[in-house]
Amino acid sequence: MTDPAAGQSRQSHDPLPRIRDAVGRNGRSYGLALGLVALTFAALQLSGASSAPYLFLIPGVLIAGIVGGWGPGILATALSVAVHLYVTGSYASLMNAASPTFVSDLTEAFTFIAVGVGVSWFGERLGISWRE
């Protein structure tokens with residue numbers, strides 16, 4: 001079908017193939033971010049490591065940032081914080097400002113978020129430079 005006013009085919013303006021390609025590419029990147037967070041937490045649970053768990057989450061955020069860019073890196077950061085707070089029970093102290101561990105848990109979470117955002121940005125930039 002041609003559009004006489006535009007003189008072009010309507011099929012060439014069909015956004016669905018481009019959307020499917022982008023979702024497929026991005027879907028794999030976001031799936032990788034989810035998988036890396038799950039793998040890291042499974043390894044932490046199996047090893048019984050309890051000291052500095054946020055430190056072990058940084059490589060997953062970096063890999064998600066390199067492979068998928070900013071979005072998957074931020075997703076990996078957010079999932080890491082949420083799952084960490086749930087698994088360790090730290091979310092309970094963050095719900096109660098009078099808790100003795102409130103300040104330390106809040107500081108750890110915000111520090112990881114800041115580092116995660118920076119690592120995601122760095123990973124995206126590194127991934128772009130490798131692809132050029």
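The crossing of helices α2 and α5 is right-handed; a crossing is given this name if the near helix is turned clockwise from the far one by less than a right angle, and is left-handed if the turn is anticlockwise. These two helices pack at an angle of about 30°, and their axes lie 7 Å apart. The axes are lines fitted to C-alpha atoms, for helices over the stretch in contact, and the angles run from 0 to 180 degrees between N-to-C directions. The contact of α2 with α5 comprises 14 nonpolar, 5 polar and 3 charged residues. In this classification Ala, Val, Leu, Ile, Met, Phe, Trp, Tyr, Cys and Pro are nonpolar, Asp, Glu, Lys and Arg are charged, and the others, Gly among them, are polar.

The structure is a predicted model, in which local features need pLDDT of at least 70 and side-chain atom pairs count only at pLDDT 80 or more, whereas totals for chains, interfaces and linings use all residues. Residues are numbered from 1 along each chain as its sequence is written, and side-chain values use heavy atoms, with hydrogens and water left out.

The protein contains 5 helices and 2 strands, which follow the pattern β-β-α-α-α-α-α along the sequence. Helices (H or I, at least four residues) and strands (E, at least two) are DSSP runs numbered from the N terminus. Of the 132 residues, 28% count as buried, a term that denotes under 20% relative accessible area, with exposed meaning over 50% and partly exposed in between (1.4 Å probe, protein chains only). Among contacts between residues at least 6 apart in sequence, 68% join residues at least 24 apart, where contact means heavy atoms within 4.5 Å.

Helix α2 also packs against helix α3. Their axes are 7 Å apart, at an angle of about 160°. That angle makes α2 roughly antiparallel to α3; angles over 145 degrees are classed in this way, those under 35 as roughly parallel, those from 65 to 115 as roughly perpendicular, and the rest as oblique. The crossing of α2 and α3 is right-handed.

Helix α3 contributes Trp-70, Gly-73, Ile-74, Thr-77, Ser-80 and Val-81 to the contact, while α5 contributes Phe-112, Ile-113, Gly-116, Val-117, Ser-120, Trp-121 and Glu-124. These residues divide into 7 nonpolar, 5 polar and 1 charged.

Two residues illustrate this contact in detail. Trp-70 is found in helix α3 and is partly exposed, with a relative accessible area of 38%. Not counting residues up to four places away in sequence, Trp-70 touches Val-117, Ser-120, Trp-121 and Glu-124. Val-117 lies in helix α5 and is likewise partly exposed, at 33% relative accessible area. With the same exclusion of residues up to four places away, Val-117 touches Trp-70, Ile-74 and Thr-77. Trp-70 and Val-117 are 47 residues apart along the chain, and their C-alpha atoms are separated by 8.4 Å. Val-117 and Leu-62, 55 residues apart in sequence, are 9.8 Å apart, C-alpha to C-alpha.

A search of the whole structure finds 2 aromatic pairs. Rings of Phe, Tyr and Trp (its six-membered ring) pair if their centres lie within 6.5 Å; planes under 30 degrees apart count as stacked, over 60 as edge-to-face and the rest as tilted. Tyr-54 and Phe-112 form a stacked pair, at 4.8 Å centre to centre and 25° between the planes. Because Tyr-54 lies in helix α2 (residues 53-68) and Phe-112 in helix α5, the pair ties together parts that are 58 residues apart in sequence. Both Tyr-54 and Phe-112 are buried. Tyr-86 and Tyr-91 also form a stacked pair, at 6.0 Å centre to centre with 20° between the planes. Tyr-86 is exposed, with a relative accessible area of 62%, whereas Tyr-91 is partly exposed, with a relative accessible area of 42%.
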